[in-house]
Amino acid sequence: MAAGLAHEVKNPLGAIKGAAQLLEEVGAAADDPAAREFVGIILEEANRLDRVVGSFLDYARPHAGNPIPLDLNAAVRRTVQILSSQITDGAVDVQQDLTEPLPHTRMDPEKFRQVLMNLMQNAIQAMDGRGKITVSTAVRRAARGRIAGADAASIARRSLVDETELVEVSVRDTGPGIAPKVLRNLFIPFFTTKAQGTGLGLAISQAIVQNAGGTIEVHSQPGDGTTFTIVLPAAGDALASPIPDAPLVPAPSV
């Protein structure tokens, strides 16, 4: 229903934008500054609403794409290369700390690149375009089917056959960190601290990763930077939704 409503909004929105563009041309021909100013506002807000609706459609109907065994290190290198080419002033230092060898995971490469690019762009914005970003990969093991609140003794008694292998990709920035109140709401749709943000980037990223059997963790302290970690099952393991050792910021319930 929500996706259908979003589609219905996009149609008249497109008509409004088209009419505003025609008015802009008329105003420019008539050399009417007031008309150009108000039409400019209409176009700006129409474009913003179009981005919100488009992002909402991505969130309302996420799909797994074409999952294949994915070399995360290669995907990280390529994504960093693409983003680094867009940083022309040299104010952001992007470093890589990749674990070799790293097990493959099963995920659509474009979906993974979308999530990683979003996290890195968020890091750049959090640092106001100046600072250091470190993208790292690692392997961890977690108890298969572990639930929150399980005591350490019971976990220690589990044998290796009860564990699953996970791969993770972390994005750490040297920004100001995130306040605890904001941290609790990061993955809630439409929550944003950005003036022009839609509040759906992280929610969409979490949904994409969950479709691949993983999750996104976030750890931050005000004044000490922020680390987002994509946690995914290794390709050799059955897909799961593991709960890692550190507490998570949960995605919103649907």
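A residue counts as buried when its relative accessible area is under 20%, as exposed when that area is over 50%, and as partly exposed in between. The exercises below use this cut-off on a predicted model.

**Exercise 1. Which residues of helix 4 are buried, and what span should the helix have?**

Step 1. Helix 4 covers residues 109–126. Its buried residues are Lys111, Phe112, Val115, Leu116, Met117, Asn118, Leu119, Met120, Asn122, Ala123 and Ile124.

Step 2. The expected span is 1.5 Å times one less than the number of residues. For the 18 residues of helix 4 this gives 26 Å, and the end C-alpha atoms are 26 Å apart, so the two values agree.

Step 3. Look at the two ends. Just after helix 4, Asp128 has a positive phi of about 55°.

**Exercise 2. Where do the buried residues of helix 3 lie around its axis?**

Step 1. List the buried residues: Leu72, Asn73, Ala75, Val76, Thr79, Val80 and Leu83.

Step 2. These residues cover an arc of only 155° around the axis, which puts them on the same side of helix 3.

Step 3. Recall the geometry of helices. An α-helix has 3.6 residues a turn, so residues three or four places apart point the same way.

Step 4. Thr137 belongs to strand 4 (residues 131–143). With a relative accessible area of 3%, Thr137 is buried.

**Exercise 3. How many residues apart in sequence are the parts that Glu100 and Arg77 tie together?**

Step 1. Identify the contact. The side chains of Glu100 and Arg77 form a salt bridge, at 2.7 Å from N to O.

Step 2. Glu100 is in the loop between strand 2 (92–97) and strand 3 (105–107), while Arg77 is in helix 3, so the pair ties together parts 23 residues apart in sequence.

Step 3. Classify Arg77. Its relative accessibility is 39%, so Arg77 is partly exposed.

**Exercise 4. What separates Glu110 and Arg113 within helix 4?**

Step 1. The side chains of Glu110 and Arg113 meet in a salt bridge, at 3.7 Å from N to O.

Step 2. The two residues are three residues apart in helix 4, so about one helical turn separates Glu110 and Arg113.

Step 3. Glu110 is partly exposed at 48% relative accessible area, and Arg113 is partly exposed at 25%.

**Exercise 5. Which parts of the chain does the pair Arg172 and Asp224 tie together?**

Step 1. The side chains of Arg172 and Asp224 form a salt bridge, at 3.9 Å from N to O.

Step 2. Arg172 lies in strand 5 (residues 163–173) and Asp224 in the loop between strand 6 (215–220) and strand 7 (226–233), so the pair ties together parts 52 residues apart in sequence.

Step 3. Arg172 is partly exposed at 36% relative accessibility, and Asp224 is partly exposed at 46%.

Step 4. Elsewhere, salt bridges that share partners join Arg140, Glu168 and Glu217 into one network. The structure holds five salt bridges.

Notes:
Residues numbered from 1 in each chain as written. Predicted model: local features only at pLDDT ≥ 70, side-chain atom pairs only at ≥ 80, totals over all residues. Heavy atoms only, no water. Buried < 20%, exposed > 50% of the residue type's maximum accessible area, 1.4 Å probe, protein only. Helix = DSSP H or I, 4+ residues; strand = E, 2+ residues; numbered from the N terminus. Arc of directions from axis to C-beta. Salt bridge = Lys/Arg side-chain N within 4 Å of Asp/Glu carboxyl O.
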